[in-house]
Amino acid sequence: MTPYDPLIARTRTIHRPMGPVAYDCVKLIVIRSGSAILFSEFGERPVSPGDVVLLGANVLCGSEPEGHVTVTTIYADTDFLLDQLFWQHADVLRDRLDAQGFADTNYTEPAQVLHLGEGRSGMLMPWLDELVALSVDGASRERFHRMQALWHAVIDQVAPFIRITPYRTSPHQRARVRPTLPRDRRFRPLRAEARQVRDALHSDIARGWELSELAAMVHLSSKQLSRVFVDAYGKTPLTYLTMLRVEEMARLLRETELTIEQAGRRVGWRSRNRASAAFRECVGITPSRYRAMRSTSGGVPTNGTSVPT
């Protein structure tokens, strides 16, 4: 069994289009050289040295390198970050469990491109290189405090550029339209009902699931199931299903010759318009634009769904 690390870093050079793919952790991506077009919920954004990309958990994102792009990515467990957030704001938060609501209220943008500038981002490179070396060596336990120090040095320079939400929405509103931090690792056990519904959605994403049907499966009311699922995975069951469908639809557009309408129907949408709207909302570009990347890149994009080891 692979040891669990709450914080790891990897550097890689990307030459082909990738994505869109979602991780169950927060990702901090530092652009080191080259350039690319990123597509996510913020739409299409060019990135180059001096830029840092911040992605929340369960946020779809892909990229189209302009020749090549070299990045260092830090993968951070959400509970690990919430612990730090709690201690940073311990003067206003009553206990550790309040940190989740605080994060959901103040950091509702699921994807951000931060423009640090090449001078400031250049300061990060020695810290990133050492963090990557420790991660690759599997020294997260033996060199825990050094990895913490390196992470804090990096985030100290990045944090002033992270946008704080200027408006407030309720947790239920956020869960319907934007993903929040999942609660896979927490102080109290994840509800079995949430896991059962998640497994059901994964097993048949094309099925026309109804919230009432899912609730009956686990012997809860629809309202109770929504609360339990949002608490576990940061979004409602049907919003979670949309993310799964978009991810699979993107794979079909990359790897098959199905039309957009056919790919949409394969994952459960009855109309091209509905499939296209959901795709654009989650990925930031239209299915047509995404498919065009395949022909212009001279090959089929890969999705890179696993953290490199």
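In the predicted model, the axes of helix H9 (residues 237-255) and helix H11 (residues 272-283) come within 10 Å and cross at roughly 100°. Axes are lines fitted to C-alpha atoms, for helices over the stretch in contact, and angles between N-to-C directions run from 0 to 180 degrees. H9 is therefore roughly perpendicular to H11, a term that covers angles of 65 to 115 degrees. Helices are DSSP runs of H or I with at least four residues, strands are runs of E with at least two, and both are numbered from the N terminus.

Contact between the two helices (heavy atoms within 4.5 Å) involves Thr242, Val246, Met249, Ala250 and Leu253 on the H9 side, and Arg274, Ala275, Ala278, Phe279, Cys282 and Val283 on the H11 side. By class, nine of these residues are nonpolar, one is polar and one is charged. Ala, Val, Leu, Ile, Met, Phe, Trp, Tyr, Cys and Pro count as nonpolar, Asp, Glu, Lys and Arg as charged, and the others, Gly among them, as polar.

Positive phi values occur at two loop positions. Asn58, which is not a glycine, has a phi of about 60° and lies in the loop between strand S5 (51-55) and strand S6 (61-76). Asn58 is buried, at a relative accessible area of 9%. His219, in the loop between helix H7 (211-217) and helix H8 (222-233), has a positive phi near 60°. His219 is exposed, at 74% relative accessible area. Buried denotes under 20% relative accessible area and exposed over 50%, with partly exposed in between (1.4 Å probe, protein chains only).

Residues are numbered from 1 along each chain as its sequence is written, and side-chain values use heavy atoms, with hydrogens and water left out. Because the model is predicted, local features need pLDDT of at least 70 and side-chain atom pairs count only at pLDDT 80 or more, whereas totals for chains, interfaces and linings use all residues.

Note on methods. Parallel < 35°, antiparallel > 145°, perpendicular 65-115°, else oblique.
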